[in-house]
Amino acid sequence: MNMPEVDLTQLPALEGHVAGTHPLSARSAASGLSGLTRSVVGYAPDSLWEIETARLPSALQALRRKARAFAERTLAPRALEVDALAHWPVGATPAPLASLLEEAGRAGWLTDMLPWPLGSAPLGEYRHPLVLRACLKVEEFSRVCGGQMLLLCAHTLGIAPILLTGNPNTIRRFVLPAFRALQRGEPHLFAFAITEPGAGSDVEDGMGAAQLQPGVVASRVDGGWQLNGRKCFISGGDLAQSLTVFAALEGEGMASWTCFLVNRDMPGFRPVRTELKMGMRASGAAELEFDQVFVPDSHVLGGLRKGWSLNRETLNLSRTPVAAMAVGFAQAATDIAADFACRTQLGGKALVHYQDVQLTLAQMMAETSAIRALVWQSAKTWAPRQGTASMAKFHATDVAMRVIALAQDLLGNHALLHANRLEKVYRDCRLTQIFEGTNQINRLSVVEDFQETLLARAAG
Ligand SMILES: Cc1cc2nc3c(=O)[nH]c(=O)nc-3n(C[C@H](O)[C@H](O)[C@H](O)COP(=O)(O)OP(=O)(O)OC[C@H]3O[C@@H](n4cnc5c(N)ncnc54)[C@H](O)[C@@H]3O)c2cc1C
């Protein structure tokens with residue numbers, strides 16, 4: 001096919017700028033250099049997304065592109081519909097979500113915590129830290145739909161304590177059969193259950209936990225343990241076939257916390273209800289009842305009284321991906337604002353020609369890019385640390401809310417319309433400041449992690 005000839009010198013410029021083809025433009029300046037220099041300084045009119053993707057190792061570039069393609073193809077068409085669905089009965093899976101889970105399972109998005117052939121991560125990709133890979137995926141999914149992202153990604157949180165036992169037999173026994181089912185397109189989600197009606201922050205913070213009277217308690221019985229109590233706000237707890245549930249041993253405090261693998265069909269286990277909540281509405285936040293649930297000894301994960309360690313390490317793994325959710329929301333807000341500015345006319349010209357609008361867009365791009373850099377930096381390790389993960393979590397989620405506010409100001413009353421997606425981005429992102437520890441608790445986690453250095457200064 002013949003492409004029409006484009007006279008680049010005739011391409012318009014935004015008001016206040018020279019065109020890309022003008023002799024004084026950044027692109028012309030670069031092209032005026034020698035071939036050797038051009039290979040170093042390089043200038044191509046790529047999007048920021050392409051520039052940042054190109055800076056990743058090739059296996060991660062492929063992962064990022066694959067995640068964006070899946071999000072656009074599979075999550076985007078359902079996003080507004082599933083957000084507006086009437087609150088469905090606990091345990092039911094609305095048709096668009098059932099098909100999402102099937103497609104995501106077949107595509108390998110629910111089994112990518114392990115390398116192929118155990119899971120679905122290609123070996124080249126698996127060489128890179130789990131958290132970094134999770135962040136790339138989570139950002140792209142969040143950019144398109146926070147609710148579907150949480151439905152898919154809370155599953156990783158549920159599996160994390162099993163992987164963190166580091167016991168190949170435990171992983172083989174509990175994870176691999178579920179992975180086979182998921183890859184066939186059958187549902188087998190995991191959920192992570194620490195929060196209790198009387199304990200949100202207190203199960204995420206050592207000081208609070210030290211004084212907590214645990215609500216879910218395991219009593220010793222023949223051949224295993226009997227669980228009693230309630231958990232609440234458990235993402236995907238209504239649909240999960242397997243749950244990593246944390247309970248204190250009877251008569252002991254939080255130092256006895258133990259992680260139990262509870263299956264949905266164990267008698268006495270019941271998802272009671274899901275919350276009708278502000279955002280991420282495609283993912284159920286479930287209250288769970290444990291009424292004399294018998295859990296065999298073989299379902300104790302990592303050993304008795306190892307629960308607190310598994311919990312803390314799971315949170316260290318998962319808080320940077322929560323920061324990545326915020327990056328996805330900030331990117332969505334930036335994209336929506338840029339699109340609006342280009343399509344909306346004011347005073348006979350597109351909004352994007354006004355310099356105050358350009359300044360706002362530049363600020364949004366810079367803030368989003370900066371929190372992405374923070375996330376990638378925090379994620380580049382196989383051994384995540386509490387202080388750096390919490391720092392990324394509270395800072396990225398707070399900055400993302402400011403970026404969204406800039407977009408809301410730019411869109412005016414159009415920001416409030418469901419069809420424009422920005423009000424959903426706002427509602428979805430607000431949750432990230434609260435779950436995985438409120439941002440106040442995450443600030444305290446940073447200080448707790450680095451307290452030795454502070455104490456040394458205080459002493460010295
Ligand atoms: C959508 C959603 C999904 C969730 N998914 C899960 C899940 O999958 N699994 C799970 O186990 N939990 C989950 N949660 C629970 C979540 O992690 C908790 O809600 C969160 O940790 C906050 O706890 P809380 O709401 O009980 O706040 P509270 O602990 O009641 O805190 C109330 C206020 O007190 C402040 N505060 C508490 N302690 C201190 C302190 N020491 N110093 C200063 N301020 C303090 C807090 O910052 C907050 O402002 C989810 C929650 C939501 C909203």
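Four elements each supply at least two residues of the shell around the ligand: strand 1 (190-193), helix 12 (206-210), strand 3 (224-235) and helix 17 (439-449). Helices (H or I, at least four residues) and strands (E, at least two) are DSSP runs, numbered from the N terminus. This is a predicted model, where local features need pLDDT of at least 70, side-chain atom pairs count only at pLDDT 80 or more, and totals for chains, interfaces and linings use all residues. Residue numbers start from 1 along each chain as its sequence is written.

So who sits around the ligand? There are 26 residues surrounding the ligand, and the closest are Thr195, Gly200, Ser201, Ser235 and Thr438; a residue counts if its C-beta atom, placed from the backbone, lies within 6 Å. By type, the shell splits into 14 nonpolar, eight polar (Gly goes here) and four charged residues. At least three shell residues come from each of domain 2 (190-307) and domain 3 (309-459), with bounds taken from an automatic or database domain assignment.

Strand 3 pairs with strand 2 (residues 217-221) in the antiparallel sense over five bridges, where pairing takes at least two DSSP bridges. Arginine 220 stands opposite tryptophan 225 in strand 3. The two strands make a hairpin with two residues between them, and glycine 223 in the turn has a positive phi of about 80°. Strand 2 also pairs with strand 4 (residues 242-249), this time in the parallel sense over two bridges; there, alanine 218 has leucine 249 as its bridge partner.
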